[in-house]
Amino acid sequence: MTPRPRVEWAPEMLRYDFGTGHPMSPARLALTIDLAAELGVLEHVDVVAAQVAPDELLMTVHEAEYVAAVRRAADEGVRDERRGLGTRDDPIFPGMHDASARAVQGTVDGALAVWRGETDHAVNIAGGLHHAMPGAASGFCVYNDVAVAIRALLDAGAARVAYVDVDAHHGDGVQAVFWDDPRVLTVSVHESGRTLFPGSGHAHETGGRHAEGSAVNLPLPAGTSDAGWLRAFDAVVPAVVHAFRPDVLVTQHGCDTHRMDPLSNLRVTVDAQRLVAQRLHDLAHEVARGRWLALGGGGYAVVDVVPRAWAHLIAVAAHHALDPDQVVPQAWRERVAQDFGREGPVSMSDGAVPAFRTWESGFDPADEVDRAIRATRAEAFPPLGLDVHHD
């Protein structure tokens, strides 16, 4: 009998809270879980509460001095802007260490459950904090749960782990941690650093001296919509993941690629995001015996986008994909009206039909997205043994 998929969740995860007015509102997590429950999705998964990760686990990626600084910030209110603590992006708050460490433990628990065969798929929507560096907070991310979980998989015996990040922002922290490690493939499809934080993730970033080809970056122009985003994903991601042959697939599903997101310039719909979630699920079955860890990440259209995008993600992981034309449950919409004084979305779809031309249809040199795809294939494919023109 196939084990039930897992969702790592506890109300304590809502304590990851930078304060009123900060884009990274914990309400997006609560709304997602509530919507998934109203849709019946949680009936098909095991919901598992994570504890606070011990310092020893955090320090498999993070510097001891940095963990100590986060504790001081949480317990004593001591800012340390040199380490990114107390900045506009990462203001300090009581309980910062415990809340951040709990997100890490949830991701690690899901990763190891997948590796041990206790489940085939695990989801942590509170994870995906991909900007945190070993010695500093960055971009709303205090601890890098993704990197700690990948390290835990390697320590548990995984020979190769592939990480695919479809957040609007480059997955710079994860790339930095594994830059020179040939056992980890980091793939990031994001808005170009020329127009968006963190300013990195260029096509020529392909890994360190001992791990050439271990990093794949696909920076897309501002304004890219469904057709271009899906074409780019299809032209690069399946080929490089298949070539790498990972034991586990870890994916980050920041939904700030959406056209309504206030912090990015992409024009993607919930429908395209759902399609990519399904494609990554299928890819895990094709290359990694179904071992799939899916994480949240960015996403700042708190009511209109995040809950729908991640409810779809959980449903895909639960093998009970939702009809995109399904109506959003009335009870959930009433809660939105009560808590936010406004109407929420009525449909689980944006009404888009996510179609795209495959790369085999031909290269258009006048198209900025096509030029980005070609640049990435030219840089990333040869080190992985792929043919730039035909794979």
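Predicted model: local features only at pLDDT ≥ 70, side-chain atom pairs only at ≥ 80, totals over all residues.

Colleague: Okay, is His253 buried or exposed?

Modeller: His253 is buried, at a relative accessible area of 7%. You'll find His253 in the loop between β7 (248-252) and α8. Helices (H or I, at least four residues) and strands (E, at least two) are DSSP runs, numbered from the N terminus.

Colleague: And what is His253 in contact with?

Modeller: Leaving aside neighbours within four places in sequence, His253 has contacts that include Val166, Leu280, Trp292, Trp310 and Leu313. Contact here means heavy atoms within 4.5 Å.

Colleague: Switching to the core: which residues touch the most other members of the largest nonpolar core?

Modeller: Those are Trp229, Val237 and Val240, in a core of 77 residues. Helix α7 (residues 226-244) gives this core its largest share, 11 residues. A nonpolar core is a set of buried Ala, Val, Leu, Ile, Met, Phe, Trp, Tyr and Cys residues joined through side-chain atoms within 4.5 Å.

Colleague: What does Val237 touch?

Modeller: Not counting residues up to four places away in sequence, Val237 touches Val164, Val187, Val189, Leu280 and Leu283. There's also a second, separate core of 52 residues, with Met96, Ala99, Val146 and Tyr163 among them.

Colleague: Back to α7, then. At what angle do α7 and α11 pack?

Modeller: About 15°, and the axes of α7 and helix α11 (residues 368-380) are 10 Å apart. Axes are lines fitted to C-alpha atoms, for helices over the stretch in contact, and angles run from 0 to 180 degrees between N-to-C directions. So α7 and α11 are roughly parallel to each other. For that wording, angles under 35 degrees count as roughly parallel, over 145 as roughly antiparallel, 65 to 115 as roughly perpendicular and the rest as oblique.

Colleague: Which residues meet there?

Modeller: From α7, Gly228, Arg231, Ala232, Ala235 and Val236 meet Val369, Asp370, Ile373, Thr376 and Arg377 of α11.

Colleague: How far apart are the axes of α8 and α9?

Modeller: They're 9 Å apart, with helix α8 (residues 270-287) and helix α9 (residues 306-317) packing at an angle of about 25°. That makes α8 roughly parallel to α9. Among the residues that meet are Arg274, Ala277 and His281 in α8, with Arg308, His312 and Val316 in α9.

Colleague: Now the backbone. Which peptide bond is cis?

Modeller: The one from Phe197 to Pro198 is cis, with omega near 5°. Pro198 sits in the loop between β5 (184-191) and β6 (215-220).

Colleague: What's the phi of Phe140?

Modeller: Phe140 has a positive phi of about 75°, although it is not a glycine. Phe140 is in the loop between β3 (121-124) and α5 (145-156), and Phe140 is buried, at 9% relative accessible area.

Colleague: And where is His319?

Modeller: His319 is in the loop between α9 and α10 (330-340). Its phi is also positive, about 60°, and His319 is not a glycine. At 41% relative accessibility, His319 counts as partly exposed.

Conventions
Residues numbered from 1 in each chain as written. Heavy atoms only, no water. Buried < 20%, exposed > 50% of the residue type's maximum accessible area, 1.4 Å probe, protein only.
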